[in-house]
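Please consult the sequence and the model as shown.

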Amino acid sequence: MRKVRINKDEAGLVFEHGQYKRFLNEGVYWLWPASKVHVYNRAFGFPAPAAMSHMLQDARLAGEIYLVEAGATEIVLVYADGLLREVVSAGRYIFWKGLIRYEFVRADIGKIDITEPVEKALLEGPVLAPYVRKVIVESYEKALLFVDGSFAGPLGPGTHYWWKNNIPVHVSRVDTRQLQAEINGQEILTRDKAALRVNAFANYLVVDAEKAVLRNKDYERQLYTNFQLALRENIGMLTLDELLERKETMGPLILRAVNERAKDLGVEVLGFGIRDIILPGDVREIMNSVLVAEKKAQANSIARREETASTRSLLNTAKLMEDNQMLWKLKEMEYVEKIAEKISSISVSGNGVLIDQLRQIFVPPR
């Protein structure tokens, strides 16, 4: 015979030739050589042997254990002294009574909704996280839930959890903030066959997420195409000169043209504007030449107008001088003064005739 000791926190199961014989609690035992003892720590559970039904006929053993059975689509949350210790999946498990206070929560993961009383903190913890799907919906988003390919309903902002299983779950998100679409590099012909490149932009909001996602495939691309068509329709009926004159008024026209189509996409267009109209190189050179010619013509017109005004002023002055001898003398003195400003010195020689001539210039006759 041989001696076997079972410690305080242990339990033993005796087998002979593979068959369960009896349960051993704390103590010292003498066993025959053919007996084999499996010693277990009472602090931990273990998968149940295949012959568990036969073993449960031992009332002493049945009173010492919790037998936990989980189906193919089930998990069992094992709480030890109030704390989640582990999660067991399909199978049979034994947990010892007495040393630790156990609680068990059975969960059906064959469905996606978590209806069991499980705290949110545990759903994100390392023990349970492998069995849970998590999706975060931001406050500015509208989300649509699809389960197994079918629309299941909208999701509000916040964190959402589902059991992880073979059922496909998809969440489609729509940003409800004001968005901007860039409509750049549009090659368009005007009515007079001028090839232009137009850059534009549009601001819009998604107001009906279900319509945008469920009734339309790639609503953003469809909205972009609608703006393209509206640009071509409105620009194609104008000549280049008309387009350049009406550039600022094109936005409201295109906005009205697109808004009705956008409603079918679940979108509200808030604004539209043309950022750039880019002309081909040869057309740009011609436009520059026309502009230079116009500016030169304006400059010549201004110069002729100024010359005419100057000539009219001279004519008026001449008429006044003709009727007023004093004004004539003042004008002579003005010119003499201007001449004198440019002369540093004057040498006068001659007889008294020169003095008389100067007197006649500067002193008016009485």
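Q: Over the ring of which residue does the charged end of Lys97 sit?
A: The model is predicted: local features need pLDDT of at least 70, side-chain atom pairs count only at pLDDT 80 or more, and totals for chains, interfaces and linings use all residues. Residues are numbered from 1 along each chain as its sequence is written, and side-chain values use heavy atoms, with hydrogens and water left out. A charge sits over a ring if NZ of Lys or CZ of Arg is within 6 Å of the ring centre and within 35 degrees of the ring normal. At 5.1 Å from the ring centre, the charged end of Lys97 sits over Tyr66.

Q: At what distance from the ring centre of Tyr140 does Arg177 lie?
A: Here the residue over the ring is an arginine, Arg177. Arg177 lies over the face of Tyr140, and its distance from the ring centre is 3.7 Å.

Q: How many residues apart in sequence are the parts that the pair of Tyr40 and Trp96 ties together?
A: Rings of Phe, Tyr and Trp (its six-membered ring) pair if their centres lie within 6.5 Å; planes under 30 degrees apart count as stacked, over 60 as edge-to-face and the rest as tilted. The structure holds twelve aromatic pairs, and that of Tyr40 and Trp96 is tilted, at 6.1 Å centre to centre and 45° between the planes. Strands (E, at least two residues) and helices (H or I, at least four) are DSSP runs, numbered from the N terminus. Tyr40 lies in strand S5 (residues 35-41) and Trp96 in strand S10 (residues 91-96), so the parts tied together are separated in sequence by 56 residues.

Q: Is Trp96 buried or exposed?
A: Buried means under 20% relative accessible area, exposed over 50%, and partly exposed in between (1.4 Å probe, protein chains only). Trp96 has 0% relative accessibility, so Trp96 counts as buried.

Q: Which residues form one aromatic cluster with Trp96?
A: Tyr40, already described as paired with Trp96, belongs to this cluster. Together with Trp96, the cluster is formed by Phe23, Tyr40 and Phe46.

Q: Which class describes the pair of Phe95 and Phe104?
A: Phe95 is buried at a relative accessible area of 1%, whereas Phe104 is partly exposed at 29%. Their ring centres are 5.4 Å apart and their planes stand at 50°, so the pair is tilted.

Q: What percentage of the residues in the protein chain is buried?
A: The protein chain has ten helices and 19 strands. Of its 366 residues, the buried share is 32%.
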